[in-house]
Amino acid sequence: MTGGNGAGLKGQPDVLNGPFTTRQLLRLDEALRLADSSTGLTFSIYVGDLEEPMRGYAEQLHGQLADPPHSVLIAVSPNQRTLEIITGGEARRRLPDRAAKLAALSMAAAFGGGDLAGGIVAGLSQLADHAGRH
């Protein structure tokens with residue numbers, strides 16, 4: 001999970017200023033690890049403000065990942081009420097737009113109920129299940 005004004009995993013967590021508790025960060029880290037190991041893809045999370053245009057900024061963040069073609073980025077901006085799921089070319093073959101939209105709907109429902117971490121964990125699980133084993 002990378003972080004802007006939020007929290008970061010797969011790097012240094014910004015626990016003091018982030019929106020997540022330590023327990024939530026551990027849940028997110030475990031969900032990322034399981035999604036990565038079960039699919040062979042690399043999943044990352046960004047939580048923080050997105051610059052305009054938001055989709056373009058999320059695509060720019062995705063392009064900075066170690067292996068963009070095999071990566072999936074979930075970018076969430078709670079303050080802007082925005083969610084973007086970016087898939088690389090190889091990842092998109094296993095995660096079509098329809099699967100990403102279904103995961104996004106599930107995450108948005110959880111976010112609407114005030115469960116940011118739970119929504120991300122559920123979305124990761126759905127995306128990994130759809131992508132299947134590598």
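E59 and R55 both belong to helix α2 (residues 54-63), where four residues, about one turn of the helix, lie between their positions; helices here are DSSP runs of H or I with at least four residues, strands are DSSP runs of E with at least two, and both are numbered from the N terminus. The side chains of E59 and R55 meet in a salt bridge at 3.4 Å, N to O, a salt bridge being a side-chain nitrogen of Lys or Arg within 4 Å of a carboxyl oxygen of Asp or Glu. This is a predicted model, in which local features need pLDDT of at least 70 and side-chain atom pairs count only at pLDDT 80 or more, while totals for chains, interfaces and linings use all residues. Residues are numbered from 1 along each chain as its sequence is written, and side-chain values use heavy atoms, with hydrogens and water left out.

With a relative accessibility of 41%, E59 counts as partly exposed, and R55, at 39%, is also partly exposed; in this scheme buried means under 20% relative accessible area, exposed means over 50%, and partly exposed lies in between, with a 1.4 Å probe and protein chains only. R55 has a further partner in E84, the closest N and O atoms of this salt bridge being 2.9 Å apart. That pair links distant parts of the chain, since E84 sits in strand β4 (residues 82-87) and R55 in helix α2, 29 residues apart. E84 counts as buried, at 15% relative accessibility. Through salt bridges that share partners, R55, E59 and E84 are joined into one network.

The count of salt bridges comes to four, and among them is the one between E30 and R33, whose closest N and O atoms are 2.6 Å apart. E30 and R33 are three residues apart in helix α1 (residues 22-39) and are therefore separated by about one helical turn. E30 is partly exposed at 35% relative accessibility, and R33 is partly exposed at 44%.

From these charged pairs we turn to the nonpolar residues. A nonpolar core is a set of buried Ala, Val, Leu, Ile, Met, Phe, Trp, Tyr and Cys residues joined through side-chain atoms within 4.5 Å. The largest such core has 28 residues, of which F43, I120 and L124 touch the most other members. Two or more residues of this core come from each of α1, β2 (42-47), β3 (71-77), α4 (97-112) and α5 (116-131), and α5 gives the largest share, eight residues. Leaving aside neighbours within four places in sequence, I120 is in contact (heavy atoms within 4.5 Å) with F20, L28, I45, V47, V76, M107 and F111. A second, separate core of ten residues includes M54, L61, L73 and I86.

Helix α5 also holds V121, which is buried at 18% relative accessibility. Not counting residues up to four places away in sequence, V121 touches R27, L28 and A31. The C-alpha atoms of V121 and L28 are separated by 6.1 Å, although these residues are 93 apart along the chain.

Strand β2 is mostly covered, with five of its six residues buried. It runs parallel to β3, to which six bridges join it; two strands pair if DSSP finds at least two bridges between them. S44 has L73 in β3 as its bridge partner. Together, β2, α2 and β3 make a right-handed β-α-β unit, right-handed meaning that, with the strands pointing away from the viewer, the path from the first strand over the helix to the second runs clockwise.
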